[in-house]
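Subject: Structure handover

Hello,

The structure you asked for is below. My notes on what was found in it follow.

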Amino acid sequence: MAAGATSGGSATTDTYKEARTWLLLPSWVTLSILVLAPVIMMLIYSFLTKEFRGGVIWEFSLSAYDQFFFDRGLFGDEPPKLEWTYISIFWRSIWQAGVATLLSLAIGFPTAYFIATRSEEMRPVWVFLITIPYWVNLLIRTVSMKFLLRDQGPLNDFLINIGLIDSPLHIVNTNFAVQLGLFYSYLPFMVLPIYAAVERYNFSLSEAAADLYASKLTTLRRVVLPAIKPGVIAGCILVFVPSMGSFLAPDLLGGAKNFMIGSLIEEQFKGNAGNWPFGAAASMILLSMVLIILMFSARQQAKADKAEG
Amino acid sequence: MRHLGEAKLAENKQIAIDVRDAVKRYGDFTALKTISLSIMDNEFFTLLGPSGCGKTTLLRMIAGFEAVTEGAIYLFGDEIANLPPNKRPVNTVFQNYALFPHMTILDNVAFGLEMRGKSKSEARTKAGEMLELVQLSQFSARKPSQLSGGQQQRVALARALAPQPKVLLLDEPLSALDLKLRKAMQLELKHLQRETGITFIFVTHDQEEALTMSDRIAVMSAGEMQQLGSPTDIYERPHNMFVADFIGETNLLEVSVDAINNGRAVCHLGGGHELTCNAVEGVDIGSKVHMSIRPERLFMSENPAETESLKGRIKENIFVGTDITTIVDLQDGPDFVVRTSNSDRGNKRIFEPGTEMYVNMELGAGRLLAD
Ligand SMILES: Nc1ncnc2c1ncn2[C@@H]1O[C@H](COP(=O)(O)OP(=O)(O)O)[C@@H](O)[C@H]1O
Ligand SMILES: [Mg+2]
């Protein structure tokens, strides 16, 4: 009797396993087609030889990576030196995306907190209001931003009219303009995960902290933040990662001097001047960088959790 | 009718919490209607009432989580109604415990001590002692989610007691525990209160719990205080229908008062039955009021007893472990519930259903209620 029950139990488990495999199949197919396949294609292309009018010749070559990291002189016959052009573009991308993420956090956190602490009927209204501007195409939003920020634009007019400044601030074509553009492009990706985390937060914990003599600031730091940290981290990743590879904001707001990695990649696939293997190699390097940063932050997170526990 | 409160005052004890004419309104809704009460230092004080009567609201006003709409609250003579919660030397054991999920048990208990300016190591040492007091030392490195409900409850208690508050507020702290654990915790709480000497204000909707644990009880209903007194006071001398009905089991009889002589009221129940009991202030001749008689104050016999007796017939006997509950049908009158303790079976009789017999009581057993 007992043996029968046991084998019956394991049979059920097997059935579940099988069912699970089949039920998960669509996700696997989607992921393979939409994520794995493009990445593999890009990986292959990055090791091919470039065709001069765009496209590739199916011949193995390391020249794309070589071009990215090394300078062999104008004719390619000098001993290789480290090439700083692309590395510095990379560095700038990380920096710009980092600043944009901090800006989003500074504005997005209070916004999310505000929305999550409204009444239950008002919360969806606020979320809706926050997302409305994002129904407009990103390109149009970025161009409008350039219009707003330019020397004779409404922002400078306003500041001059109220007498805060005498001559227009040059904002367009600076790093700051790019940071603002990135910040504005991805703000909802910061607000929404933090909002979700704060909404789930049990506010009686804040009451308990206040009851135990904690000030508002201490309560935020010691009780609220640790509880909603996953939402904050998700928001930062969701803003940082697309900012790194973005090309609209740097192109339109940053001008030629403030080139970012996204623009570099975009150039390689546009028109006849492009270099597909080089673009693919730069994409692979960007992807690896992002993965390394994510893994690093996940490791730190795990370590911090362990130290606390 | 606050004579007991005033008697305690005369013992020269300090008033820990003084609530004076406190009103709480949410918009048009009045959650508390002019509550006044004085809670003595060292007292185990209970707010008792059905769900929604305003117990939590009153407790949260004392803790500082709800503003007082009107009136004042004093803590050892200092007006505190306008202080934020983190400035009030009062701690709360929350109904859902509200333990910090990302901190260890030890850090949870140390939190309040740290906030009061103790160094981290000092706070932890003290927190360790508190955990010992509630017998949870071996769990100090765990997270709250790794403890059972009863253990979490004790952590919440240790956390709230650790900073040595002047008053401890407990909002239905035992309601989520099963019966056995609840009984054990009732004793432990009572014990802790004696040991620490801290004033406890305990909220419950469980009248039995309130009777077991409290020095004094405030019975509340619909935002109003119905009666304030010791457990015996409230059980044996309820002021009104609500209190008599809410506390314990009782026979509530509609009676009309025929005569009052020498402090005795002669009352008429339906069907020509007559009962005499002690007269009560506010109940005059001719008034139609209710009388409360506790089932355990009644006993049955074949012949009428020398005290108050009513003729009736046994309807049903129900065995409930420690007692037998008998339902008696009075001829042309109301039904009576009689409780006979099983330990009393030698002295008291149980009759078969259908038997005619007499229900008897002492003279003072009936209590007139001034509704
Ligand atoms: N924030 C609030 N807004 C409106 N009404 C409230 C609020 N808090 C409590 N109440 C109402 O006040 C009354 C008393 O509630 P509460 O003090 O929680 O009762 P108890 O703790 O005795 O069950 C209830 O009718 C409740 O609905
Ligand atoms: Mg309550």
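**Notes on the model**

UniProt, in an unreviewed entry, lists residues 22-48, 94-115, 127-149, 176-198, 231-249 and 276-296 of chain A as "transmembrane region". UniProt positions are given here in the numbering of this structure, feature names are shortened, and annotations may be inferred rather than shown by experiment. This is a predicted model, in which local features need pLDDT of at least 70 and side-chain atom pairs count only at pLDDT 80 or more, while totals for chains, interfaces and linings use all residues. Residues are numbered from 1 along each chain as its sequence is written, chains are lettered from A and ligands numbered from 1 in the order in which they are written, and side-chain values use heavy atoms, with hydrogens and water left out.

Residues 94-115 of chain A are 100% helix and 0% strand, with end C-alpha atoms 30 Å apart. Residues 127-149 of chain A are 74% helix and 0% strand, and their end C-alpha atoms are 26 Å apart. Helices (H or I, at least four residues) and strands (E, at least two) are DSSP runs, numbered from the N terminus.

In chain B, the unreviewed UniProt entry places "domain: ABC transporter" at residues 17-247. That span of chain B is 36% helix and 27% strand.

Which residues surround ligand 1? Among them are Tyr26(B), Phe29(B), Gly52(B), Cys53(B) and Lys55(B), where near means that a heavy atom of the residue lies within 4 Å. The shell divides into five nonpolar, five polar and one charged residue. Helix H2(B) gives the most to this shell, with three residues.

Polar contacts (pairs of N or O atoms within 3.5 Å) were also found. An oxygen atom of ligand 1 is 2.6 Å from a polar backbone atom of Gly52(B), and an oxygen atom of ligand 1 is 3.2 Å from one of Cys53(B). A nitrogen atom of ligand 1 lies 3.3 Å from an N or O atom in the side chain of Tyr26(B).

Last, a strand pair in chain B. Strand S14(B) (residues 288-293) runs antiparallel to S20(B), joined by four bridges; strands pair if DSSP finds at least two bridges between them. Ser292(B) stands opposite Arg367(B) in S20(B). From S20(B) (residues 366-369), Gly366(B) and Leu368(B) point one way and Arg367(B) and Leu369(B) the other, and all are buried, meaning under 20% relative accessible area with a 1.4 Å probe, protein chains only.

Regards

Notes: Buried means under 20% relative accessible area, exposed over 50%, partly exposed in between (1.4 Å probe, protein chains only). A polar contact is a pair of N or O atoms within 3.5 Å; within protein, one must be able to donate a hydrogen and the other to accept it, and residues adjacent in sequence count only if both atoms are side-chain atoms. Ala, Val, Leu, Ile, Met, Phe, Trp, Tyr, Cys and Pro count as nonpolar, Asp, Glu, Lys and Arg as charged, and the others, Gly among them, as polar.
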